[in-house]
Amino acid sequence: CQANMEVKEMFNLARVPSILMLGLIYVAYVLVGGVIFWKLEGDLGRKDLSQLLLNKQRLLMTYSCLNQEGLEQVAQVVQEASKAGLSLKGNQTTDGFWKFTSSAVFAATVVTTIAGYGNMSPSTTTGQIFCVFFALFGIPLNVVVLNRVGKYMLALERNVSDFLEGKSGRKGCTRFFVHLFCYICGTVLFFIMPMLVFQQQEGWTYSQAIYYCFITLSTIGFGDFVADSNPDKNYPDWYSVLMASWIFFGLAWLALLINHTIDILERLNALLKKGCCGEKTGDESESADNANPDTLMEDDDE
């Protein structure tokens, strides 16, 4: 009997149904997303491939002196020029991607783990080795700094809530509207305004610009859209500085938003378990409190 109790305490069997349910929801979410992407992009991708093959045949017919081998050589030159940040539309010289401003933005994308864009990457052996050690120490430093900035934002938001609650006497309503106001301000500051800037500077559509904003700040970094990387455009000097600032503070705000979302999901999970099981264990209540950013901030302040 004693051994059975120890086994139950070790594996905490009371949490197994909840973990299995969350696992099933996670797998189902991923599979449904895969099916939707497959339906949305699969047919269009096949049409694009057919169009590309047709364009290739037209190119070879138009330029009869260009055979398959010559076409591959041209494609190689275009690919290498694009990777180096050189334009093939004119004879003007350029510094390529590795200017000081773009190099500083690249360093920021490395430590924030957005560097999956693929448009810039070190090609020298020393540069690659330096990148490894730079990221090894820079990524933890970035996590610590973003965590502190996020907690400061949370503390500021909480202080404003407490001040307004003291004036109005309505705790829940006031806190809700403060959160809503912060979300709207963050959305305007880190999504709407950058969307307008990217549309103006890059020539993207609004949907492409807002898509790029989220893919960047969420550190997904597909690389299909990359700002400040078109060799045919002359960007203003402030553009790179604005991008680096937007990335840093946008990551902090999005991390705060994700923490709030996690807290909401934890509370919903606790309510569902309470409704199904009739009660909530002390460990689960303590876990939910630990996941709450407000609780974390209070502990940190103490």
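A patch here is made of residues with over 30% relative accessible area and no salt bridge, where nonpolar side chains (Val, Leu, Ile, Met, Phe, Trp, Tyr) are joined within 5 Å and like charges within 9 Å. A salt bridge means a side-chain nitrogen of Lys or Arg within 4 Å of a carboxyl oxygen of Asp or Glu. Accessible areas come from the Shrake-Rupley method with a 1.4 Å probe, and for residues only the protein chains shown count as cover.

In this predicted model, Phe176, Phe177, Leu180, Ile184, Val188, Leu189, Ile192, Met193, Leu196 and Tyr206 form such a nonpolar patch, with about 930 Å² of accessible area together. Helix α6, residues 171-202, gives the most to the patch, with 9 residues. Ile184 sits in helix α6 and is partly exposed, at a relative accessible area of 46%.

## How to read the model

The model is predicted, so local features need pLDDT of at least 70 and side-chain atom pairs count only at pLDDT 80 or more, while totals for chains, interfaces and linings use all residues. Residues are numbered from 1 along each chain as its sequence is written, and side-chain values use heavy atoms, with hydrogens and water left out.

## The chain as a whole

Welcome to the wider view! The chain has 10 helices and 0 strands; helices (H or I, at least four residues) and strands (E, at least two) are DSSP runs, numbered from the N terminus. Of its 302 residues, 28% count as buried. Buried means under 20% relative accessible area, exposed means over 50%, and partly exposed lies in between (1.4 Å probe, protein chains only).

The accessible surface of the chain comes to about 20700 Å², and 65% of that belongs to carbon and sulfur atoms.

## The largest nonpolar core

A nonpolar core is a set of buried Ala, Val, Leu, Ile, Met, Phe, Trp, Tyr and Cys residues joined through side-chain atoms within 4.5 Å. The largest one has 22 residues, of which Phe198, Tyr212, Ala227, Met243 and Trp246 touch the most other members. Two or more residues come from each of α5 (125-168), α6, α7 (206-217) and α8 (238-277), and α8 gives the most, with 8.

## Two residues to look up

Thr219 is in the loop between α7 and α8. Most residues other than glycine have a negative phi, yet Thr219 has a positive phi of about 60 degrees. Thr219 is partly exposed, at 29% relative accessibility.

A disulfide is a pair of cysteine sulfur atoms within 2.5 Å, and the count here is 0. Cys185 is in no disulfide, as the nearest cysteine sulfur, that of Cys182, is 6.6 Å away.
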